[in-house]
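Good morning, colleagues. Please look at the sequence and the structure on the screen while I go through the architecture, the contact between the chains and the core.

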Amino acid sequence: MWFIYVTGVLLLLSFFFDSNKSKKALILAYRRFIFIFPSFLIMLILVSIILFLFPQERIISYLNKGSYIVNIMLAALVGSITAVPGFIVFPLAGILKANGIPYTIIAAFTTTLMMVGTITFPVEVTYLGKRIALIRNVISFIIALIVALVVGLYFGEVIL
Amino acid sequence: MKVPDKKENKKIKRSLFLIIVLIYFIFVFYSCIFNISSGREIGTNLLSFLSSMSKILPCAFILIGLFEVWVPRERVEKYLGYQGGLRGHIWAIILAGTMAGGLLVALPVSSALYHKGARPSAIFTFLGASAIVRIPMTLFEASFLGAEFTIIRWTVSIPLIIISSIFLEKYFTKEQFEIK
């Protein structure tokens with residue numbers, strides 16, 4: 001809620017100093033919003049369907065099956081396509097840890113979840129273009145896997 | 001020859017978009033009336049996500065608007081522009097760390113920064129960092145998975161993000177892309 005107050009105070013201050021500039025700011029904000037609205041709508045539709053297809057319980061069951069390597073890849077893939085807000089992810093990660101799931105797999109899951117934006121992709125394409133958005137997400141995916149690997153090395157789960 | 005082709009393409013895309021959106025909402029609407037569980041669940045997901053976003057996004061866009069009229073171009077150029085160097089990346093990371101809302105807010109912010117003269121590599125670092133260093137999220141992570149986990153994640157991913165941003169900028173400028 002705090003950012004609503006911050007925005008309100010800043011907007012009031014802005015109007016106090018220069019009302020013309022402030023009106024211009026509001027028009028710019030409106031234009032920016034209209035610009036992104038169609039992609040945003042597509043994203044909302046994607047989110048609602050993906051959250052339906054990959055509910056929390058199923059995410060955990062996916063991370064329990066298969067061999068170690070398969071689990072890491074699965075965790076990274078599931079993390080890439082799902083959208084779970086931060087206040088759910090980390091308690092979920094805590095549950096995974098308590099269930100004895102290796103750190104490497106948890107890291108693969110949480111880092112891809114944070115870094116790879118399949119769901120925000122339509123919005124990202126609108127700003128950056130298809131090519132850059134795609135490259136950026138592939139790079140993010142690779143970095144997330146490297147992070148998972150180093151986490152695994154540190155906790156002695158991955159032995160080179 | 002090429003121009004009308006593009007226009008035609010856009011028209012097709014637009015009608016496809018409208019059809020998808022229409023089918024989706026009709027499905028969700030009918031599900032609510034005839035009690036189809038899958039459609040109802042999808043509808044609830046939509047509403048919950050929409051309500052959490054509707055708290056953040058209007059504020060974000062208003063703040064971006066204020067930023068655009070009040071912050072002079074020279075200031076952005078000084079910190080995030082071409083003369084910034086590595087310091088530009090550090091500013092980008094600090095900016096990303098203190099922001100709320102994740103990529104969805106970071107994208108319009110980066111567009112505003114770009115039009116104020118920030119260089120692409122600083123923007124890519126900013127976008128990458130907005131996914132990994134946000135302070136509230138990080139504190140949350142550390143409390144559930146341990147501080148070591150978070151420290152490793154930061155020390156591994158931050159340098160990689162900066163390096164990849166520098167390369168991505170080279171490609172970006174070579175292909176003469178732009179941020180809308």
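Let me begin with the division of chain B. Chain B comprises domain 1 (2-55) and domain 2 (71-174), with bounds that come from an automatic or database domain assignment. The C-alpha centres of these two domains of chain B are 32 Å apart.

A word on conventions. This is a predicted model, in which local features need pLDDT of at least 70 and side-chain atom pairs count only at pLDDT 80 or more, whereas totals for chains, interfaces and linings use all residues. Residues are numbered from 1 along each chain as its sequence is written, and chains are lettered from A and ligands numbered from 1 in the order in which they are written.

As to confidence, pLDDT is the predictor's confidence in each residue, from 0 to 100. Chain A has a mean pLDDT of 87, with 96% of its residues at 70 or more. Within chain A, the lowest confidence is in helix H3 (residues 56-62), at a mean of 71, and the highest is in H8(A), at 93. Helices here are DSSP runs (H or I, at least four residues), numbered from the N terminus.

I turn to the contact between the chains. Chain A contributes 55 residues and chain B 48 residues, where two residues are in contact if their C-beta atoms, placed from the backbone, lie within 7 Å. On the side of chain A that touches chain B, the largest share, 18 residues, comes from H2(A). By class, that side of chain A has 38 nonpolar, eleven polar and six charged residues; Ala, Val, Leu, Ile, Met, Phe, Trp, Tyr, Cys and Pro count as nonpolar, Asp, Glu, Lys and Arg as charged, and the others, Gly among them, as polar.

Which residues touch the most other members of the largest nonpolar core? They are A:Ala108, B:Ala96 and B:Phe126, in a core of 86 residues. Domain 1 (2-55) and domain 2 (71-174) of chain B both supply residues to this core, so it lies between them. A nonpolar core is a set of buried Ala, Val, Leu, Ile, Met, Phe, Trp, Tyr and Cys residues joined through C-beta atoms within 7 Å; buried requires 20 or more other C-beta atoms within 10 Å of a residue's own, exposed 12 or fewer, and partly exposed is in between, with C-beta atoms placed from the backbone. Leaving aside residues up to four places away in sequence, B:Phe126 touches B:Ala92, B:Leu95, B:Ala96, B:Ala106 and B:Ser110.

Finally, B:Ile94 belongs to helix H4 (residues 86-97) of chain B. B:Ile94 counts as partly exposed because it has 14 C-beta neighbours inside 10 Å.

Notes: Helix = DSSP H or I, 4+ residues; strand = E, 2+ residues; numbered from the N terminus.
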